[in-house]
Amino acid sequence: MAKTSTRDRMSNEINAGSMADIAFLLLIFFLVTTTIVEDKGITVKLPPWSEEEPDITKLKKRNVFSVLVNAQDQLLVRGEPTRVEELRERAKVFISNPYQDETMAEKPTKAIISLKNDRGTSYDAYLTVYNELKAAYSELWDELSQRKYGIPYSEDMPFAYKKAIREEIPFVLSEAEPTAFGEE
Amino acid sequence: MAKFAKKRGKSKPEVSTASLPDIIFMLLFFFMVVTVLRDAELMVKVSTPYASELTKLEEKSLVNYLYIGRPTQKYQSTYGTKPRLQLGDKFATISDIPLFLEKHKIKVPEARHGQITSSLRVDGEVTMGIVTDVKTQLRKSGQLKVNYSAKKDPNAKE
């Protein structure tokens, strides 16, 4: 009897049975504190600051696609009230100008989108419009990429391809200083 | 009675739990890696709008966050309900932005200063007035890489 007891004392094994409990405890802690971040958004390159406003009146009228958003979140595209759902299609037609229309961009490289909003425009509406315009371009890039290289346009396609596409259809969006009619 | 006893004796219905700690550890490591401990308590309500043309922000250390929204219930008595700017963990004004950017910049190696992105986390209901002011200040401070934080619309068709 005494012999067994010594042997018991000598066996130096740690009881790993509680390991799972400890791990569980930690697991629950991390489960609770975790916020899986969805850090996504629309990346924009702002123009450097300059005192004077760029003058877009010098540009040919047919090359400018003006989009105005007022304080009631209504859209005026080239002088016509438009719904936001139509914006993407109109922008695409304007930029690519498939029928060589006299009133639309001479060629994609000359097309300029001019976006102007009010200080009272909701951010939601602004971002939706911005998103639609960006989507119009990315759809055009995609079509061009399919035609030229037979692959869809994506951020991780070969750099040379991407550059060629971006040179053919550059994304030019000019944002004017907003008006201040509807500031809350 | 005997029948029952016999059956129980024959089969051993014990599942080995030896691998349980391993499984739990695996999960644990996953969550440990994924977890980002929130460094700033949000004092403004931010519910970003939906969009489809999203890019992912890759490196968190190169990103600084500017929150714009209405103060939450708790702070409304002190700060009112007008949209406010939050930098780090406190309310700020537009003129605090340059210092905020500078403070973030010194934590980033100099070679990577050009890759710093400002993430604008703006509530959808906020009007463009304050957003424009922030944008103007960012441009004046030379911080031109901006990301308008947005969510993917769960109902959007692909």
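## Chain B at a glance

Helices (H or I, at least four residues) and strands (E, at least two) are taken here as DSSP runs, numbered from the N terminus. On that basis chain B holds five helices and nine strands. Read from the N terminus, their order is α-α-β-β-β-β-α-β-β-α-β-α-β-β.

Before going further, a word on conventions. This is a predicted model, in which local features need pLDDT of at least 70 and side-chain atom pairs count only at pLDDT 80 or more, while totals for chains, interfaces and linings use all residues. Residues are numbered from 1 along each chain as its sequence is written, chains are lettered from A and ligands numbered from 1 in the order in which they are written, and side-chain values use heavy atoms, with hydrogens and water left out.

Of the 158 residues in chain B, 40% are buried (under 20% relative accessible area; exposed is over 50% and partly exposed in between, with a 1.4 Å probe and protein chains only). Chain B exposes about 10000 Å², with 57% supplied by carbon and sulfur atoms; accessible areas come from the Shrake-Rupley method with a 1.4 Å probe, and for residues only the protein chains shown count as cover. Taking contact as heavy atoms within 4.5 Å, residues 24 or more positions apart make up 72% of the chain B contacts with a separation of 6 or more.

B:Ser119 has 0% relative accessibility and so counts as buried. Setting aside neighbours within four places in sequence, the contacts of B:Ser119 include B:Leu57, B:Tyr65, B:Asn147 and B:Ser149.

## Where the two chains meet

The size of an interface is often given as the accessible area lost when the parts come together. Here chain A and chain B bury about 4600 Å² between them, 62% of it on carbon and sulfur atoms (the area, with a 1.4 Å probe, that two parts lose on being put together, summed over both). On the chain A side, A:Asp39, A:Leu46 and A:Tyr123 lose the most area to chain B, together 17% of what that side buries. The contact draws 46 residues from chain A and 50 residues from chain B.

Charged groups take part too. Two salt bridges are counted between chain A and chain B, each a side-chain nitrogen of Lys or Arg within 4 Å of a carboxyl oxygen of Asp or Glu. A:Arg119 and B:Asp133 meet in a salt bridge at 2.9 Å, N to O. B:Lys140 lies over the face of A:Trp49, 4.9 Å from the ring centre (NZ of Lys or CZ of Arg within 6 Å of the ring centre and within 35 degrees of the ring normal).

## Aromatic pairs

Rings of Phe, Tyr and Trp (its six-membered ring) pair if their centres lie within 6.5 Å; planes under 30 degrees apart are stacked, over 60 edge-to-face and the rest tilted. Over all chains, this rule gives 17 aromatic pairs. A:Tyr123 and B:Tyr148 form an edge-to-face pair, because their ring centres are 6.2 Å apart and their planes at 70 degrees. A:Tyr123 lies in helix α4 (residues 123-148) of chain A and B:Tyr148 in strand β8 (residues 145-149) of chain B, so this pair joins two chains. A:Tyr123 is buried at a relative accessible area of 0%, and B:Tyr148 is buried at 0%.

B:Tyr75 and B:Tyr79 make a tilted pair, 6.4 Å centre to centre with 50 degrees between the planes. They are four residues apart in helix α3 (residues 73-79) of chain B, and so separated by about one helical turn. B:Tyr75 is buried at 15% relative accessible area, whereas B:Tyr79 is partly exposed at 34%.
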